[in-house]
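These are my notes on a structure that was new to me. I set down what I looked up, entry by entry.

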Amino acid sequence: MSIHILEISYLIASLTFIIGLKMLSHPDSARKGNLIAAAGMLLAIIVTLTLYQEFDSGKALNYGLIFLGLVIGTIIGTIMAKRVQMTAMPQMVSFFNGMGGACAALIAIIEFQHHQHATVTGFDGELLVMLLGLLIGSVSFSGSLIAYGKLEGKIKDKVLPFNQAVNMILLGTIVVLILIQMVSGSSPVLFYVLLGLALVYGILFVMPIGGADMPVVISLLNSFTGMAAAFGGFLYGNKAMLTGGILVGSAGTILTILMCNAMNRSLTNVLLGAFGGSAGGSAKTGPGDQTVREISISDTAVLLSYSQSVVIVPGYGLAVAQAQHVCHELEKLLSEKGVEVNYAIHPVAGRMPGHMNVLLAEADVPYERLQEMEEINDKFANTDVVIVIGANDVVNPAAKNDPSSPIYGMPILDVDQAKNVIVMKRGMAAGYAGIENELFFYPKTRMLFGDAKATLQKLTAEVKEV
Amino acid sequence: MEAILNFIGDNMEMVYFLVLAILLGIEVISNVPAILHTPLMSGANAVHGVVVVGAIIVMLQASPDNYLALTVGFLAVIVGTLNVVGGFVVTDRMLEMFKKKPKKS
């Protein structure tokens, strides 16, 4: 009897995952969708705890420890998720993703212990499923933690010599070892060697990929963890794990591709391109020798106040400085003066797609002021002033006219069409892709150096005076 | 070769399940606006936290004197729960930003 209730509950949980993900892909229903999926998850956990029985012995064990683990995980998870800054969301997702990968790998380790005592003749499908769960989970774990470290700024982008070659060899070795393991039967030594190699592979896989591409990588690792969870589900014949895992595995893969499309790049290009490999202190050629022109805050205030139309281009710098509220204030003030103010949102501005929308929505900026790249690009020619706040790569003309640039081909905001461009930046450092931006040296561009929040506050005060 | 075919044949139900779920996942995601890429990724991240169910099952099956399994399983339950709880809470916080407002286009 209880086994049927368990199975039906898993079915319900699976349905909530599907419906939840579906609702998450529409702005109006997204939040509810998340809660529905969470409710399904809670159901799956509760019925597993109460109704799952070890069918051999008829009893289930270790309730105390399980409960303790659930409580510890819940407390730490809630605190971390509640405390994290909006700007640090992508790395938080990456961290939690890594935890899921670790969980899948740990399950595979224990199951392997059990499996060793079993004698299997012929093709050992269970062992293969276990190995795949272990490997994908481990790669996801170490890779996610590296992605987390990179976005936190704790790990620098580093391209090791022959990184791609080493990765290919490592991957080849892993495949060969799996085959050996499958043919010769389960060997604990080989199993742990594989575990180690997978962890190393995860690190080397993410290491050379530039920070600007991190969201794509996190999304990919996310679908990896989904697959690892699905392998776990296969092992136990657990339908909830299977649906949840496979769903995320396939949906995550599609989402990864969608993200790449938003940047007009292919997945292989992201993974093998080693974005920004020759970045930073390389020889200063071309625009590097030119000088930029600065503008004072009071001049900016006058310029803005007497404009017909102003477009604000927010970027990661706005998020870091937490300047969205001041920015909104400036925009309101200018609107009151009769200036038409809009925001130009590049699909990948910030460190994750939608980053700017989330940030500006928090500051109560009206939706209709946020314009997508396609609609606003035609309007730049009729714009008096564009203010670029902490954005760089998404307005870099090199994406259009320099085929050697790593971001060549990425659609950008055509701010150089506007009559004036004011760039707010902390300094002349390159953007996240690590490349020079010739926009800063254009005759119509003026630089306004300083922290985005402080500068915007002063600017708002000045505009009030005008 | 035959052994592999047998394995697939024995698990035919699962294989059907796998194929259909993959297609479903693709279908569910297509047509998502760029603003929702990140919350969706985060939501999907929380959903694969269902792997914690596997960790719980491992613990339920482990005999109380198998310390290795207990320790590893205990860790698995903690990290799995972190994935689930953290994932859903973070997603909710992201979506909280999209407050309901009269939407004009």
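**Entry 1: Cysteines**

I note at the outset that the model is predicted. For my own reference, a disulfide is a covalent bond between the sulfur atoms of two cysteines. A:C260 counts as buried because its relative accessibility is 1%, under the 20% limit. A:C327 is likewise buried, with a relative accessible area of 0%.

**Entry 2: A:K425**

From A:C260 I turned to A:K425, which is 165 residues away along the chain; the two C-alpha atoms are separated by 27 Å. I located A:K425 in strand 5 of chain A, which covers residues 420-425. Is A:K425 buried or exposed? With 12% relative accessibility, A:K425 counts as buried. I set aside neighbours within four places in sequence and listed the contacts of A:K425: A:N392, A:F440, A:M447, A:L448, A:F449 and A:G450.

**Entry 3: A:N396**

I found A:N396 in the loop of chain A that runs between strand 4 (385-389) and helix 16 (398-401). Its relative accessible area is 0%, so A:N396 is buried. Which residues does A:N396 touch, apart from neighbours within four places in sequence? I recorded contacts with A:I407, A:I412, A:I435, A:E436, A:N437 and A:E438.

**Entry 4: Positive phi**

Most residues other than glycine have a negative phi. A:Q322 sits in the loop between helix 12 (316-320) and helix 13 (324-336) of chain A, and at 25% relative accessible area it is partly exposed. A:D364, also not a glycine, has a positive phi near 65 degrees. I placed A:D364 in the loop between helix 14 (355-362) and strand 3 (370-372) of chain A; its relative accessible area of 42% makes it partly exposed.

**Entry 5: Helix 7 of chain A**

I checked the span of helix 7 (residues 188-206) of chain A. Its 19 residues reach 28 Å from first C-alpha to last, close to the 27 Å expected at 1.5 Å a residue. Among its buried residues I noted A:L190, A:F191, A:L194, A:Y201, A:G202 and A:V206. What do the buried residues of helix 7 pack against? They pack against helix 4 (89-115), helix 5 (125-152), helix 6 (163-184), helix 8 (214-236) and helix 10 (267-272) of chain A.

**Entry 6: Chain B**

Helix 5 of chain B (residues 67-96) has 30 residues and reaches 43 Å between its first and last C-alpha, close to the expected 44 Å. This helix is mostly covered, with 25 of its 30 residues buried. I found B:D65 in the loop between helix 4 (51-61) and helix 5 of chain B. At 57% relative accessibility, B:D65 counts as exposed. B:D65 is 15 residues from B:V50 in sequence and 27 Å from it in space, C-alpha to C-alpha.

**Entry 7: Where two helices of the chains meet**

Finally, I examined helix 1 (residues 2-24) of chain A with helix 2 (residues 12-29) of chain B; their axes come within 8 Å and cross at roughly 25 degrees. The two helices are therefore roughly parallel. Helix 1 of chain A contributes A:I18, A:L21 and A:K22 to the contact, and helix 2 of chain B contributes B:L24, B:E27 and B:V28. I sorted these residues into 4 nonpolar, no polar and 2 charged.

Terms used. Residues are numbered from 1 along each chain as its sequence is written. Chains are lettered from A and ligands numbered from 1 in the order in which they are written. This is a predicted model: local features need pLDDT of at least 70, side-chain atom pairs count only at pLDDT 80 or more; totals for chains, interfaces and linings use all residues. Side-chain values use heavy atoms; hydrogens and water are left out. Helices (H or I, at least four residues) and strands (E, at least two) are DSSP runs, numbered from the N terminus. The expected span of a helix is 1.5 Å times one less than its number of residues. Buried means under 20% relative accessible area, exposed over 50%, partly exposed in between (1.4 Å probe, protein chains only). Axes are lines fitted to C-alpha atoms, for helices over the stretch in contact, and angles run from 0 to 180 degrees between N-to-C directions. Angles under 35 degrees count as roughly parallel, over 145 as roughly antiparallel, 65 to 115 as roughly perpendicular and the rest as oblique. Contact means heavy atoms within 4.5 Å. Ala, Val, Leu, Ile, Met, Phe, Trp, Tyr, Cys and Pro count as nonpolar, Asp, Glu, Lys and Arg as charged, and the others, Gly among them, as polar.
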